[in-house]
Each structure stands twice: as structure tokens, then as C-alpha cells.
Amino acid sequence: MAATPSTLTAATITMTGLRFDGVVDLPTNGGTVTALKLTMDRVVTDDVLLRSSMPTDRTMPLTTDRLTIQGDVALYATRIVGQLLGIEIELTPHQPLPDGISTKVPNPITVTEPAIDLAFVTGNMLTARQRLKARR
């Protein structure tokens with residue numbers, strides 16, 4: 001796992017079967033990264049731009065119109081910001097969820113204008129509408 005998270009921005013991200021599984025420490029070559037762990041059945045992200053850190057202080061941007069990950073999805077993020085029902089939200093390992101918010105959401109949740117510092121994501125199937133494209 002990379003010590004520096006990738007940055008994912010999009011028009012929307014819709015999470016189905018969302019569960020907040022707490023704060024975890026992830027191993028890297030240089031130590032650990034503390035991240036939020038979200039699990040879900042499916043996540044659909046529209047108008048995606050993913051910027052991954054590369055050696056020598058460069059980034060590799062990847063784009064696609066729609067990215068879907070489904071089946072036992074686990075998303076680890078060091079920061080999530082966006083608009084939920086018109087309200088600005090920001091979640092970090094030090095500020096995970098306000099008290100009284102359920103850790104399991106029965107209905108799909110859509111966040112607009114998300115910006116996610118993505119440490120790691122896994123799932124059973126990943127599909128991209130319009131192939132992933134490297135931008136220069």
C-alpha cells in the first residue's frame with residue numbers, strides 16, 4: 001500500500017449497502033496510514049478523476065465517465081469531503097462521524113462533488129464505462 005493516498009474527485013459517488021467499520025491502521029513501506037474503513041455492496045462514481053502519486057513527485061491522472069465497484073467493497077480513505085443533501089461534509093480518522101449517526105445505512109447514499117483521499121479500495125468486480133484513460 002502506498003504511503004501517500006491517491007486523490008479521487010468526481011461529480012457524484014453513490015454507495016449502496018454502506019457501513020462505517022471504524023478507523024484502521026494500514027501498513028505501508030514507511031510505517032502506517034490511519035484511515036476510515038467503509039464497506040458496501042456497490043459504489044458507483046460518475047465523472048471520475050483519480051490522481052495517483054508516482055515516484056519523483058509526479059502524479060498519474062486517470063479518468064473515466066463511470067466507475068463501478070461491486071461485491072464486498074472495502075474503501076479506505078484518509079479524508080472524504082463533499083455535499084450530502086446540500087450540506088458540506090468532511091470525514092477524517094480524527095473526525096469520523098458525528099454522534100447519533102448510524103454506522104449502517106439501508107438506502108443508497110449519494111454524495112455530490114466528492115473529494116476522497118483514497119488509501120486503498122477493493123471489491124469483487126470493477127467496471128469502467130468508457131475505458132480508464134491516462135491524462136497527461
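Me: What share of the contacts in the chain with a separation of 6 or more comes from residues 24 or more positions apart?
Reply: 74% of them. Contact here is heavy atoms within 4.5 Å of each other.

Me: And what kind of model is this, and how are residues numbered?
Reply: The model is predicted, so local features need pLDDT of at least 70 and side-chain atom pairs count only at pLDDT 80 or more, while totals for chains, interfaces and linings use all residues. Numbering runs from 1 along each chain as its sequence is written, and side-chain values use heavy atoms, with hydrogens and water left out.

Me: How much of the chain counts as buried?
Reply: 36% of the 136 residues. Buried is under 20% relative accessible area, exposed is over 50%, and partly exposed is in between (1.4 Å probe, protein chains only).

Me: Which residues have the most contacts inside the largest nonpolar core?
Reply: Met-15, Leu-38, Met-40, Val-43, Ile-80 and Ile-116, in a core of 21 residues. Strands E2 (12–16), E4 (31–54), E5 (58–84) and E7 (109–122) each supply at least two core residues, and E5 gives the largest share, six. Apart from that core lies another of five residues, including Ala-35 and Tyr-76. A nonpolar core is a set of buried Ala, Val, Leu, Ile, Met, Phe, Trp, Tyr and Cys residues joined through side-chain atoms within 4.5 Å.

Me: Zoom in on Met-40. Buried or exposed?
Reply: Buried, because its relative accessible area is 1%. Met-40 lies in strand E4. Not counting residues up to four places away in sequence, Met-40 touches Met-15, Asp-72 and Val-73, among others.

Me: What is Val-43 in contact with, leaving aside neighbours within four places in sequence?
Reply: Ile-13, Thr-14, Met-15, Leu-67, Thr-68, Ile-69 and Val-73.

Me: Ok, Thr-68 then. Buried or exposed?
Reply: Thr-68 counts as buried because its relative accessibility is 8%. Thr-68 is found in strand E5, and beyond four places in sequence its contacts include Arg-42, Val-44 and Met-125.

Me: What does the side chain of Thr-28 reach?
Reply: The backbone nitrogen of Gly-30, at 3.2 Å. Thr-28 sits in strand E3 (residues 19–28) and counts as buried because its relative accessibility is 14%. Outside four places in sequence, Thr-28 touches Met-1, Ala-2, Ala-3 and Val-33.

Me: New topic: what volume does the second largest pocket have?
Reply: About 290 Å³. Its lining has 22 residues, with Leu-8, Leu-50, Leu-67, Leu-118 and Val-121 nearest the centre. On a 1 Å grid over the protein atoms alone, a pocket is an open set of points where a 1.4 Å probe fits, with protein on both sides within 12 Å along at least five of seven lines; lining residues have an atom within 4 Å of a point.

Me: Which elements give two or more residues to that lining?
Reply: Strand E1 (6–9), plus E4, E5 and E7.

Me: And what is the lining by class?
Reply: 18 nonpolar, four polar and no charged residues.

Key
Helix = DSSP H or I, 4+ residues; strand = E, 2+ residues; numbered from the N terminus. Polar contact = N/O pair within 3.5 Å; in protein donor to acceptor, adjacent residues only side chain to side chain. Points joined across faces, edges and corners; volume = space filled by probe spheres on them. Nonpolar A, V, L, I, M, F, W, Y, C, P; charged D, E, K, R; others polar.
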